[in-house]
Amino acid sequence: MTEYKEFISFINDELTRVGDLFAEKQQQYSAGADPLSNFRTGAMLEHHDDSYDMMYDVAKGYLNKHIAFLYDHGIVDKTEESLRDMVVYGLIMLYMVKKHNEWIAQVKE
């Protein structure tokens, strides 16, 4: 297998793993119909505001824990897990950005 094909195969396999991880995390972080309940509760606790920008701020805290781990430990057993978690949080944060931008657009109307 060429390096290019190996790379493409690796990325495709990781996207599948991240999709599986997302499904697992979604069960942990949602409550009922609210897929962002963990972030919403965190935003209320930290900021007394459950807006998307405050939930985004809470999500940055989740990312920061993984970033700190990467800087403190380099490549170790848990490195892959942290990198995958960061991808999942990044996707969740993209959704928060989308919803925040939709809210801003509605306010401007």
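**Helix packing around H4**

The axes of H1 and H4 come within 9 Å and cross at roughly 70°. Axes here are lines fitted to C-alpha atoms, for helices over the stretch in contact, and angles run from 0 to 180 degrees between N-to-C directions. Helices are DSSP runs (H or I, at least four residues), numbered from the N terminus. H1 and H4 are therefore roughly perpendicular to each other (angles under 35 degrees count as roughly parallel, over 145 as roughly antiparallel, 65 to 115 as roughly perpendicular and the rest as oblique). H1 passes H4 in a right-handed crossing. A crossing is right-handed if the near helix is turned clockwise from the far one by less than a right angle, and left-handed if anticlockwise.

This is a predicted model, in which local features need pLDDT of at least 70, side-chain atom pairs count only at pLDDT 80 or more, and totals for chains, interfaces and linings use all residues. Residues are numbered from 1 along each chain as its sequence is written, and side-chain values use heavy atoms, with hydrogens and water left out.

Which residues of H1 and H4 make the contact? From H1 come Glu14, Arg17, Val18, Leu21, Phe22, Lys25 and Tyr29. From H4 come Arg84, Asp85, Val87, Val88, Tyr89, Leu91 and Ile92. Contact means heavy atoms within 4.5 Å. By class, the contact of H1 with H4 has nine nonpolar, no polar and five charged residues. Ala, Val, Leu, Ile, Met, Phe, Trp, Tyr, Cys and Pro count as nonpolar, Asp, Glu, Lys and Arg as charged, and the others, Gly among them, as polar.

Take Tyr29 next. Tyr29 belongs to helix H1, residues 3–29. Its relative accessibility is 12%, so Tyr29 counts as buried (buried means under 20% relative accessible area, exposed over 50%, partly exposed in between, with a 1.4 Å probe and protein chains only). Beyond its neighbours within four places in sequence, Tyr29 is in contact with Pro35, Leu36, Ser37, Asn38, Phe39, Tyr62 and Tyr89. Back along the chain, Val18 is 11 residues from Tyr29, and their C-alpha atoms are separated by 16 Å.

Now turn to the other partner of H4. Helix H3 (residues 52–73) packs with helix H4 (residues 79–108) at an angle of about 165°, with their axes 9 Å apart. That makes H3 roughly antiparallel to H4. The crossing of H3 and H4 is left-handed. The residues of this contact divide into 15 nonpolar, four polar and four charged.

His66 sits in helix H3. Is it buried or exposed? At 13% relative accessibility, His66 counts as buried. Its side chain makes a polar contact with the side chain of Ser82, at 3.0 Å. A polar contact is a pair of N or O atoms within 3.5 Å; within protein, one must be able to donate a hydrogen and the other to accept it, and residues adjacent in sequence count only if both atoms are side-chain atoms. Leaving aside neighbours within four places in sequence, His66 is in contact with Ser82, Asp85, Met86 and Tyr89.

Met55 is also in helix H3. With 0% relative accessibility, Met55 counts as buried. Not counting residues up to four places away in sequence, Met55 touches Leu36, Phe39, Arg40, Ala43, Asp50 and Met96. The C-alpha atoms of Met55 and His73 are separated by 28 Å.

Finally, look at the loop between helix H2 (37–47) and H3, where His48 lies. His48 counts as exposed, at 67% relative accessibility. Although not a glycine, His48 has a positive phi of about 55°.

Definitions and conventions
Helix = DSSP H or I, 4+ residues; strand = E, 2+ residues; numbered from the N terminus.
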